[in-house]
Amino acid sequence: MKLTRFKHGDVVYRGVIKDDEVAVVEGEFWADFNVTDTVFSLKDVKIMPATVPSKIVCIGLNYRQHIQEIGMKELEAAHFFLKPPTCLIGHEDVIVRPKHAERVDYEGEMALVIKKPMKDVPEKDALSYVLGYSCFNDVTERALVTKSLSYLTEAKGYDTFGAIGPHVETDLEPDHLDIKTYLNGIVKQEDNTSSCLFTVSKVLFAISRCMTLLPGDIVATGTPKGVSPMKAGDVVEVEIQGIGRLKNYVK
Ligand code: MG
């Protein structure tokens, strides 16, 4: 099932996408929800992020070749950091480069959305806490983090620096999916989630022994090698097998 939020006129709905239409949903995605007979054509609606998270947790240093390209070392356990929920944008929204930024990179990633409160959950049970999976762009001011990791929160936290979409796919096995990032139609990142040092289950175990993950929270699982800067006018897309392609414009 492809879950989304969307706007028709001034009204925001939750919905289930099928082909080129979206059916309105009553209730929360993480409760017993009801798919109604009210249907809109996708061309008449504005797709929005499927969730309004309390937090966005990002895994860093999960693909070996990316760790090498940024000159870092592999860690023994999954490393994570927070992006503020205010950075979140959706499919076909605009990533805004701050005027003073030196180098703003895309980071194509697979993300997941949590469906029930999660604390101290063992690896073997972790996937049952996931609502579904989506494409994510962990936009990063690379010049800042390269100067010092003390700038990580700023480098990752600007408004519009977290793109998710085009929807959340519920029926998916997450650990063997092709992932690609395109800049202006040219493939820049190409890998498979099986290359991750830490599986989705390991990542959720590591995070949930620290903080409670709540329904709707987003966890992004790290980026493959091939990060590079974006400039105004660029179009960036993150595509994941079995999900679809998230598209954003840069200004
Ligand atoms: Mg990242």
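Contact here means heavy atoms within 4.5 Å. The model is predicted, so local features need pLDDT of at least 70 and side-chain atom pairs count only at pLDDT 80 or more, while totals for chains, interfaces and linings use all residues. Residues are numbered from 1 along each chain as its sequence is written, and side-chain values use heavy atoms, with hydrogens and water left out.

Leu204 touches Leu112, Ile114, Met118, Ala126, Val130, Leu213 and Val219, leaving aside residues up to four places away in sequence. Together with Phe136 and Met230, Leu204 touches the most other members of the largest nonpolar core, which has 66 residues. A nonpolar core is a set of buried Ala, Val, Leu, Ile, Met, Phe, Trp, Tyr and Cys residues joined through side-chain atoms within 4.5 Å; buried means under 20% relative accessible area, exposed over 50%, and partly exposed in between (1.4 Å probe, protein chains only). Another core, of seven residues, lies apart from the largest one and includes Phe6, Val24, Val45 and Ile47.

The magnesium ion has as protein donors Glu107 (OE), Glu109 (OE) and Asp138 (OD), at 2.0 to 2.1 Å. Donors are N, O and S atoms within 2.8 Å of the metal (3.2 Å for Na, K and Ca); water is not among the atoms, so sites may look incomplete. The spacing of the donor residues in sequence is E-x1-E-x28-D. Glu109, in strand E11 (residues 108-114), and Asp138, in strand E12 (residues 130-138), are 29 residues apart, and the pair links distant parts of the chain. Strands (E, at least two residues) are DSSP runs, as are helices (H or I, at least four), numbered from the N terminus. Glu109 and Asp138 are both buried.
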